[in-house]
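Colleague: I have a new model open on my screen. Please show me how to read it.

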Amino acid sequence: MNKNRILNTIGLVFLIWGTAAIIDNILHIDEGIAPILWISYISLIILAIGLFKKNSGLIASQIAIIGIPYLIWNSDFFYHLFTSKSLFGITDYFFELNNLVAIEKIISFQHIFNIPLSLWALHLIGLKKNNFWIVSIVQIAFVFIITRTVTNYEENVNCVYRNCAGFTFGIPYIIEWFTAYILMISITSWFLVKIFKKREK
């Protein structure tokens with residue numbers, strides 16, 4: 001299978017998962033627009049666009065946003081899976097009886113394969129620019145504003161009202177949220193540039 005076919009296949013996988021997530025949430029429209037705004041679903045669609053366009057900057061910008069959160073999600077998920085105990089409490093919803101239907105569990109599995117496939121795609125395309133993190137920062141700022149505008153505290157979409165792991169650092173939460181995301185984006189971006197730019201030398 002040639003490189004373009006691999007990239008298009010990965011892009012199609014992301015597009016299918018992202019579309020399925022959006023449709024599933026539209027079918028539960030009684031919950032409002034909130035579930036559609038999860039960064040996970042937005043990133044799936046943007047990653048698909050990046051893959052179809054072979055745009056390494058767009059792909060890297062999404063990895064920078066979701067890289068560390070997905071690492072934490074997977075740590076919590078596999079710890080719970082193998083020990084039947086909660087680690088951070090982030091994936092408890094997945095294991096609660098009757099909390100999710102089958103399609104919703106299938107959609108959640110994108111947390112497991114998303115980053116490996118995205119990194120593989122970035123390896124195939126090659127990282128051409130270092131300033132992709134600007135897109136990441138603009139995107140999370142936009143998502144934060146929209147999410148806070150159209151959702152409420154109980155829904156806590158994208159954890160914009162309180163820490164999803166149930167703890168706080170004792171500073172105003174808006175500052176905490178942006179500080180955490182900027183740090184995660186910065187760290188992940190540094191690693192992406194370090195790894196993929198080194199590969200091109």
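Modeller: Start with an idea. An axis is a line fitted to C-alpha atoms, for helices over the stretch in contact, and angles run from 0 to 180 degrees between N-to-C directions. Keep in mind that this is a predicted model.

Colleague: What angle do helix 1 and helix 6 pack at, and how far apart are their axes?

Modeller: Two packed helices are described by the angle between their axes and the distance between the axes. Here, helix 1 (residues 3-27) packs with helix 6 (residues 110-125) at about 150°. Their axes lie 10 Å apart. Angles over 145 degrees count as roughly antiparallel, so helix 1 is roughly antiparallel to helix 6. The crossing of the two is left-handed.

Colleague: Which residues make the contact?

Modeller: On helix 1, they include Ile6, Phe14 and Trp17. On helix 6, Phe113, Leu117 and Trp120 are among them. The contact of helix 1 with helix 6 has 12 nonpolar, 3 polar and 1 charged residues.

Colleague: Is Glu176 buried or exposed?

Modeller: Buried means under 20% relative accessible area. Glu176 has 6%, so Glu176 is buried. Glu176 sits in helix 8 (residues 173-200). From Glu176 to Phe191 is 15 residues in sequence and 23 Å in space, C-alpha to C-alpha.

Colleague: How many helices and strands does the protein have?

Modeller: The protein has 8 helices and 0 strands. Its radius of gyration is 17 Å, close to the 17 Å that the globule rule gives for 201 residues, so the protein is as compact as a globular protein of that length. Of those 201 residues, 41% count as buried.

Methods
Residues are numbered from 1 along each chain as its sequence is written. This is a predicted model: local features need pLDDT of at least 70, side-chain atom pairs count only at pLDDT 80 or more; totals for chains, interfaces and linings use all residues. Side-chain values use heavy atoms; hydrogens and water are left out. Helices (H or I, at least four residues) and strands (E, at least two) are DSSP runs, numbered from the N terminus. Angles under 35 degrees count as roughly parallel, over 145 as roughly antiparallel, 65 to 115 as roughly perpendicular and the rest as oblique. A crossing is left-handed if the near helix is turned anticlockwise from the far one by less than a right angle, and right-handed if clockwise. Contact means heavy atoms within 4.5 Å. Ala, Val, Leu, Ile, Met, Phe, Trp, Tyr, Cys and Pro count as nonpolar, Asp, Glu, Lys and Arg as charged, and the others, Gly among them, as polar. Buried means under 20% relative accessible area, exposed over 50%, partly exposed in between (1.4 Å probe, protein chains only). The radius of gyration is taken over C-alpha atoms; the globule rule is 2.2 Å times the number of residues to the power 0.38.
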